[in-house]
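Biologist: Please show me the protein, and then I will ask about it piece by piece.

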Amino acid sequence: MNLTNLYIPLGTSGSLVFLEPEGKNISQDDSIRRRVQFATYFLGKRIEDGSTVYQFKSSDAIQSVPSLSFYFPDPSSADFLNSVKQIGRDLIQVLSSANLVVFYPPEYEERVREIFALIILGNYSQINERELGLPDQIFGRPFSDWKKEFLEIGFQVFKSLRSLSGKNSITTHPISASSEKLKEEGTVAYVAHSLDKPKLEPKQSATQSNNSPESISGSYTTGSIKTGNLKEIKTDQDSDQAKESSNGNISAVNTNAQSPNTSNSNIQNKENSLPTIAPKNEQTPKQPESKDSSKEQNTVAVKSQNNSDISSNSSIAKDSSPESKIEHVKAESPSQIQDSAAGNKTKFSIQVKMMGIISLILAITVSIIIGIATYFFKQDSETRVQENNLALVDLVGLKVSSDIQGIVTKAEQLIANMIRTNLTAEDKRFINELFFQSDKDFLFVGLMRKSDAGLVADQKFFNEESLIEIGLSEDDVAQNILRNSEAIEKALTGKPLIINSTPGFSVQSFILAVPTNQESGIPKILVVMVKLDKIASAFTNKGIITTFMVNDEGRVIAHPVEEVILSSTSFLDSPIVKAMLASQVDQGQIRYKSPEGRPFMGSYQKIGFGDAGIVSIVSEDKAFQAVYRIQERNIYILIISLCLALVIVFFFAKSLSRPILTLLHATLEIAKGNFRMGIKPTTKDEVGLLTSYFITMGEGLEEREKVKSILGSMIDPVVVKEAMVDLAALKRGKEAEITAFFSDVAGFSTISEQLTSVELASLLNEYLSAMTILLKENEGVLDKYIGDAIVGIFGAPVEVEKHAFKACKASLEMVIKLADLRAYWQKNNLYSKEAQIMDARIGLNTGPAKVGFMGTDALASYTMMGDTVNLAARLEAAGKDYGVNIMIAEKTVAMVQGEMFTRLLDLVRVKGKNEPVKVYELVNFETLATSSQKEFVGLYEEGFSLYLSRQWDSAIKKFEDVSRAKGSKDKSAKMILDRCLDYKSNPPQEDWDGVFTRTTK
């Protein structure tokens, strides 16, 4: 798709917000060409956690670039302005000078434009509605009302800064009435992000994000964010926001796409809040830490009409100790500073610490006592429960074992009497009736053997009277025995069995199957069916204990719960039943957990019949219920004790903290720049002595601030930091390998003649700010501004890894950024026509150079000197003749080989040097070079090789093809082509080496 429908510049951050109706998608080529790093989709108004918000979220239409998700609060919400300002800061940090595309349903176009207008106003409150192309009304309120509210915050910071520093210029031009007019016309803005934050290097774009240790489901991780080079300027509204800097309100979701200028940023998603981003401290040389060093976490630079160092002249540093680095000034009222500084600098007051420590000691002591008491009480309870369990199963086991032995004995006597041959049928009937009348729990007694047809009863006797009472017949009993015949037959192996015969039978009962050889030596089974009532009384619930009986297969025989008996539940998976069946002893106890995870204590006792046993279990939750109740009461006592202790300690600590709070107030006065606090020692103890030394320290800091303010108004913050560590070393200077950077605007003299002073200041301010941001983001140090020219150093005073690559990267980003600025100026018809097509040239060279403070003892500046620096300056000037934006020297090319795509331009001998040098054009990143670029560079270098070998005609043909492949005129090719034509007519001398000698700088 073509991202030209509508876009809004994100202030002067260097980012654009493209607004596109839904139904479109963004291709990889579009994202690279327009430097689109993220995309999002506007869903409209939503209700989240009871609050009204406007939601921006990922969408299926966003596939080729990472997506952003965040909430924009409703204007009626509390703390709306601070939330909007924070969203703007987060967006600026995430985008890092790249661009964002927002998709939206067509009916929401005006709403989306209004939302982003407020986001921009929150951080760049001087921008007017005409620049953004917005309606007069935003959310039903005039644009001017919103602007006024944001300006009240912004100008409070600006005025506080001027009152502290007295110097707010960015060039050598003094502040005059025109600057006040400039502010009124909307050209003063606030760059709300750090100039030192590095960006993602393009060669990492293919795999970087997903390899991060913090990457989850392909989300980006936050890169190293270096801060502290600028002074921090906060309003009272901002200070509260900063305190919440551990969270982020914008989340970045990877969709397997990368852009060449992306910053590897991820801000963790907390979709229901709008806190700030927590940056990372910059790595600096080790030195003693100061109390205020944490203030270097966030930075805000003020961009004014003039053109000197945007990062160093914005404010005056404030220290709190001789060893501290560059600190930050807070532009607040005295009461606000006391409140916000106390909240930001002191995590816990002395009162809170004393209350916390004493409460902690009390809580730990009482908790240990409660824990020990609970432990021993629990141990005692556990022992008692286990003893009771064991005694219970022993008692129940004896009773059940006795009952079963009695049942078997009676049944054997009945069978023995019935098979006697000398008894008449009448005698047998009498014995049968007498047997069942004496024990009505018997339902059936039989002597059975196995035949081909199954079990056959040789002798069988029914309790007819009991069966009639319970409404059963002999056939019902026979059918029940038949259902359990398979289990009964197992007794033929010689092992007695006990079987639950209740399932499918209307009476709870069990069957005893006892192997016997009472007749003819033929294996037979004594089968006895008995009502469960015979032994059921032993298995009633006994408080918290549950007792039941299982057979050798783990199936329940008796249980307090009737449903368990009716279903013949198997307890074979129960750990205690497993332990009993596997045990070689008759008695034992274990602790185990149920399948649901509930802890139990259990005991078992085998009854000595068919491996059946009695099991008794109790839930630990119920067993230790009394323990837990006592523990709960103890906790209540602990809480009450803590509350009483807190009240007592509160009043005691308050009396001790008053003199310390006086010193804290004096510290806050120093933070505001008032080094004469007006305090005196009131006691003769340690606090009084500390107060005396504190007064002396304030006087020393006042002198130190004067030195720092002078340094901060002249040189780069990185240099200032190093100077605070070891100023003598910088004064001595050193030889270091650096990459020198020179840039200049082409035809600026013509442009400056066509603009008013206000327009010229605005143009330079916008251009230099954007370029300086990119310089600083790539760890470059600003040497100086010379009118429209920028001089920078990569690799000093702090060593920078891959400084040549970072210088090249910054140069390419500047070219891209300037193209965006030109598009913006043309779209809004700003400045003159020549300014709208303004171009810049850059020269880079890598090598040794002398770096340090140069000048006199009274007046010096940090700069670089040497042949390396001179050649870089010559290359910048030579770029005009060759028609290229970025010209670099041979050593720089060698250090970025494989990372940058370059073109060998010429062999030249610059003015003032005898040795020839190879000069190159920096075309693109190696990974992003297009086929067209590769084609015309290949043709040019082939032609140049032919040129060096004096093959004029072939070289001319190649150089003619260069412009065709490039798609536009190539001034370098035209220059070498003209030389070929000249040498073809007037051949050079035999010793000609192809070197062209420049006669101008």
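Biologist: What share of the accessible surface belongs to carbon and sulfur atoms?

Modeller: Keep in mind that this is a predicted model. The accessible surface of the protein comes to about 44,300 Å². The part of that surface belonging to carbon and sulfur atoms is 53%.

Biologist: How many helices and how many strands does the protein have, and what percentage of its residues is buried?

Modeller: The secondary structure comprises 29 helices and 32 strands. A residue counts as buried when its relative accessible area is under 20%. Of the 1001 residues in the protein, the buried ones make up 53%.

Biologist: In the open sheet of five strands, which are the edge strands?

Modeller: Strands of a sheet pair through backbone hydrogen bonds, either parallel or antiparallel. Here the pairing is antiparallel, and the order is S15-S14-S18-S17-S16. An edge strand of this sheet pairs on one side only, and that applies to strand S15 (454–462) and strand S16 (497–500).

Biologist: By how many degrees are neighbouring strands of this sheet turned against each other on average?

Modeller: The value ignores the direction of the strands.

Biologist: Why do the buried residues of H16 lie on the same side of the helix?

Modeller: Helix H16 runs over residues 575–582, and Ile576, Val577 and Met580 are buried in it. These three are on the same side of H16 because the arc they cover around the axis is only 100 degrees.

Biologist: Which strands do the buried residues of H16 pack against?

Modeller: The residues in question are Ile576, Val577 and Met580. A contact here means heavy atoms within 4.5 Å. The buried residues of H16 pack against strand S19 (545–550), strand S21 (587–593), strand S22 (599–606) and strand S23 (613–619).

Definitions and conventions: Residues are numbered from 1 along each chain as its sequence is written. This is a predicted model: local features need pLDDT of at least 70, side-chain atom pairs count only at pLDDT 80 or more; totals for chains, interfaces and linings use all residues. Side-chain values use heavy atoms; hydrogens and water are left out. Helices (H or I, at least four residues) and strands (E, at least two) are DSSP runs, numbered from the N terminus. Buried means under 20% relative accessible area, exposed over 50%, partly exposed in between (1.4 Å probe, protein chains only). Accessible areas come from the Shrake-Rupley method with a 1.4 Å probe; for residues, only the protein chains shown count as cover. Two strands pair if DSSP finds at least two bridges between them. Axes are lines fitted to C-alpha atoms, for helices over the stretch in contact, and angles run from 0 to 180 degrees between N-to-C directions. The arc is that of the directions from the helix axis to the C-beta atoms.
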